[in-house]
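Reader: Could you take me closely through one part of this structure, the place where charged side chains pair up? I would like the distances, the surroundings of each partner and the way the pairs connect.

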Amino acid sequence: MKDNRAVLGAAFLMATSAVGPGFLTQTASFTADLGASFAFIILMSVIMDIGVQFNVWRVIAVSKLKAQDIANKVFPGVGYLLSFLIILGGLAFNIGNIAGAGLGFETIFGINPILGACISAIIAIGIFIHKDAGAHMDRFAKILGALLILIIIYIVFKANPPFKEVVVETFVPSKFNALSLVTLIGGTVGGYITFSGAHRLLDAGISGKENLKEVSKSSISGILIASIIRVFLFLAVLGVISLGVKLNPNNPALTPFEYILGSFGSIVFGIVIWAASITSVVGCAYTSVSFISSFSPWLKKNENNIIIAFIIFSTLVFSTIGRPTQVLILVGTLNGFILPIALCVILIAAYKKNIVGDYNHSKLLALFGWIITIAMAYLCYETTMKYINS
């Protein structure tokens, strides 16, 4: 029973780490730009996300090593570089997550967003003060993840999106945007996110070949949970757009809630963005710190205290400097750039006996992983060239 709770908890941790305020903003913005064609981008991202998750989580599980230690065994020093990039991106993300939590409190209670961010930080810190922080984190992610899904499903039901058009565009899109695909994949399995659940399973003692079935179940569940939230939010926004409603340029994800529920919709959206933000704060802080905790016994012993310091620092930056302009979308794209590097290292590690022992990694799965690595590297290059030439 404990193992089952940890397996589902890891899936929800990964999913809710992905579903932050940037996730909401990106989904609404890209739906406005691409319309029903965004369904094809979502489908492609889900397929690629699954390929990433299966490769990464299985190698981490059988090696019983965290990603940075695997990377250092593949190429000495690369683990430190990977840790630096992920912590840097995680810190930037967490500032945005704290900002989103503050915005949620402001929307629900009408209080100053900085005060709301500080209260939210105290709630997140409370999880890591307890000795059994992992179990509290699992429970927190599951409850708020389920709340997110239920609220957004209700909005979709009321928005009545054009389902027939969505089905057609899912397989035969009339529009395509490489940046949206890079951003979606980066925001779902890029940076720290794809490692959050895998590292959680390691800490819960669920690893080794004997637990691969549970690891695979958890990895696919995490992607499906995040994708369900993405699909329903997309349908809600599309339904409102199809009625000729213009999205609020300052907060595009808010529009369907306000249109469907009137003034009460703002409060409901406040709950949604707070739940999405606070779970991402917890997942981001935990996973970012897990990328350095294995480097020394002192870091491992003080892991929870470092996580608390990470949350406090993120809150102080937001409270004193504010939320960086477009940081969420930009860091989502940055995570997409990190992904080819991390996945390349994992795929090489999958066939090193000093890392995985006598485990035989699926060649078909590895091939799929290499295709994703090359595709993401190319898409990242294309995105960079567009930025340079624009």
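Author: Asp 203 forms a salt bridge with Lys 66, their closest N and O atoms being 3.1 Å apart; a salt bridge here is a side-chain nitrogen of Lys or Arg within 4 Å of a carboxyl oxygen of Asp or Glu. Because Asp 203 lies in helix α10 (residues 193–203) and Lys 66 in the loop between α3 (38–63) and α4 (67–74), the pair ties together parts that are 137 residues apart in sequence. Helices are DSSP runs of H or I with at least four residues, numbered from the N terminus. This is a predicted model, in which local features need pLDDT of at least 70 and side-chain atom pairs count only at pLDDT 80 or more, while totals for chains, interfaces and linings use all residues. Residues are numbered from 1 along each chain as its sequence is written, and side-chain values use heavy atoms, with hydrogens and water left out.

Lys 66 is buried, with a relative accessible area of 7%, whereas Asp 203 is partly exposed at 32% (buried means under 20% relative accessible area, exposed over 50%, and partly exposed in between, with a 1.4 Å probe and protein chains only).

Asp 203 also meets the side chain of Lys 300 in a salt bridge, at 3.6 Å from N to O. This pair links helix α10 with helix α14 (residues 297–301), the two residues being 97 apart. Lys 300, which is partly exposed at 40% relative accessibility, forms a salt bridge with Glu 303 as well, with the closest N and O atoms 3.1 Å apart. Glu 303 is buried, with a relative accessible area of 7%. Through shared partners, Lys 66, Asp 203, Lys 300 and Glu 303 are joined into one network.
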